[in-house]
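The following note sets out numbered points on the model shown below. Each point takes up one part of the fold.

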Amino acid sequence: MNTPQEHMILEVEGLSVSFDGFRAVDDLNFYVAPNELRVVIGPNGAGKTTLLDLICGKTRATAGSIRFRDRELTRMREHEIVRLGVGRKFQNPSIYENLSVAENLEISYPRSHGVFASLFFKRDAKLRERIDEVAEAIFLGDRLDAEAGALSHGQKQWLEIGMLLMQEPELMMLDEPVAGMSPREREQTAELLNRITRNRAVIVIEHDMEFVKNIAHRVTVLHQGRLLSEGSIESVQRDERVIEVYLGH
Ligand SMILES: Nc1ncnc2c1ncn2[C@@H]1O[C@H](COP(=O)(O)OP(=O)(O)OP(=O)(O)O)[C@@H](O)[C@H]1O
């Protein structure tokens with residue numbers, strides 16, 4: 001799929017970024033539908049992380065456009081992009097180790113309704129409800145009072161996903177979410193991502209092909225900053241160009 005379709009939530013067109021003349025992302029077109037779970041794969045240095053950096057505003061594009069719900073993101077600042085509904089999870093969890101699970105979720109709840117809104121009981125009830133709901137979704141419903149630092153590596157990754165979910169993003173991006181997880185935790189993460197995608201679009205960068213098979217609706221393969229192949233996991237795995245790049249011929 002390399003042509004715009006109707007109702008795409010994300011439309012990336014002609015996107016390029018150069019670092020000292022080196023094109024890390026090179027004239028890329030990339031479209032994601034509202035309830036899609038897209039996995040981006042590709043060899044080291046293919047431009048996967050840079051693509052997410054461009055979408056979330058961490059890196060500025062040299063050329064091209066990124067439209068999210070018909071809003072142009074390329075000139076927006078990171079916090080504006082977050083406010084529009086784009087959430088990003090980095091490889092290393094950025095949770096507050098000294099705070100409890102519930103507190104970590106609470107500080108991630110958007111305050112956009114203004115300081116005075118927090119004076120009202122209604123907001124607190126809604127917040128508590130949201131914390132319970134998210135904690136349940138990330139398999140930490142019975143660990144609300146646990147200190148985040150005491151969680152397992154996998155649980156910390158889930159907590160960070162939960163912190164993003166508190167903001168109810170319409171597009172969520174995750175960089176290698178199952179790195180370092182046990183097989184059981186990987187299974188649960190697949191279940192979590194599938195559930196999350198019912199209400200939003202999700203982009204995942206992943207190397208573990210078994211995991212990719214469990215979650216991907218479609219796969220985008222990047223190579224040297226360009227689109228190499230795109231489609232179902234089966235079609236991408238059969239693609240000669242993909243095989244060649246991975247086998248390094
Ligand atoms: N800020 C930067 N300055 C200079 N070069 C950069 C910068 N960010 C990325 N690059 C280069 O761009 C290329 C693409 O990097 P990127 O991290 O996007 O690849 P990747 O596909 O995510 O790889 P990996 O699987 O190894 O994480 C690499 O050659 C990298 O060294």
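Predicted model: local features only at pLDDT ≥ 70, side-chain atom pairs only at ≥ 80, totals over all residues.

1. Glutamine 224 is partly exposed, because 15 other C-beta atoms lie within 10 Å; a residue is buried if 20 or more other C-beta atoms lie within 10 Å of its own, exposed if 12 or fewer, and partly exposed in between, with C-beta atoms placed from the backbone. Glutamine 224 belongs to the loop between S9 and strand S10 (226-231); helices (H or I, at least four residues) and strands (E, at least two) are DSSP runs, numbered from the N terminus. The phi angle of glutamine 224 is near 50 degrees, a positive value in a residue other than glycine. Most residues other than glycine have a negative phi.

2. Residues are numbered from 1 along each chain as its sequence is written.

3. Aspartate 20 also has a phi near 50 degrees, a positive value in a residue other than glycine. Aspartate 20 sits in the loop between S1 and S2. Aspartate 20 is exposed, because 4 other C-beta atoms lie within 10 Å.

4. Four strands make up an open sheet in the order S2-S1-S4-S5, with antiparallel pairing; two strands pair if DSSP finds at least two bridges between them. Strand S2 (22-32) and strand S5 (71-72) are the edge strands, each pairing on one side only. Strand S4 (residues 63-68) and S5 run antiparallel and are joined by two bridges. Phenylalanine 68 has arginine 71 in S5 as its bridge partner. Helix H1 packs on this sheet, where H1 touches strand S1 (10-19), S2 and S4, and the direction of H1 makes about 65 degrees with that of S2. Here contact requires C-beta atoms, placed from the backbone, within 7 Å; axes are lines fitted to C-alpha atoms, for helices over the stretch in contact, and angles run from 0 to 180 degrees between N-to-C directions.

5. Strand S8 (residues 201-205) is largely enclosed by the rest of the structure, because five of its five residues are buried. Ala201, Ile203 and Ile205 point one way from S8, Val202 and Val204 point the other way, and all are buried. In a regular strand the side chains alternate between the two faces of the sheet. S8 pairs in the parallel sense with strand S7 (residues 171-175) over five bridges, and leucine 171 stands opposite alanine 201.

6. S8 also pairs in the parallel sense with strand S3 (residues 37-41), over four bridges. Leucine 37 stands opposite valine 202, and arginine 38 has isoleucine 203 as its bridge partner in S8. S3 is mostly covered, with five of its five residues buried: Leu37, Val39 and Ile41 lie on one side, Arg38 and Val40 on the other. Valine 40 stands opposite threonine 220 in S9.

7. The largest nonpolar core has 66 residues, and those with the most contacts inside it are Leu10, Ile55, Leu159 and Val204. Such a core is a set of buried Ala, Val, Leu, Ile, Met, Phe, Trp, Tyr and Cys residues joined through C-beta atoms within 7 Å. Beyond its neighbours within four places in sequence, isoleucine 55 contacts Ile66, Leu73, Val86 and Met173. In soluble globular proteins, nonpolar side chains tend to be buried together.

8. Leucine 105, in helix H3 (residues 101-107), counts as buried because 27 C-beta neighbours lie inside 10 Å. Residues up to four places away in sequence aside, leucine 105 touches Ile131, Val134, Ala135, Gly162, Met163 and Met166. Leucine 105 and arginine 128 are 23 residues apart in sequence and 9.8 Å apart in space, C-alpha to C-alpha.

Key:
Contact = placed C-beta atoms within 7 Å.
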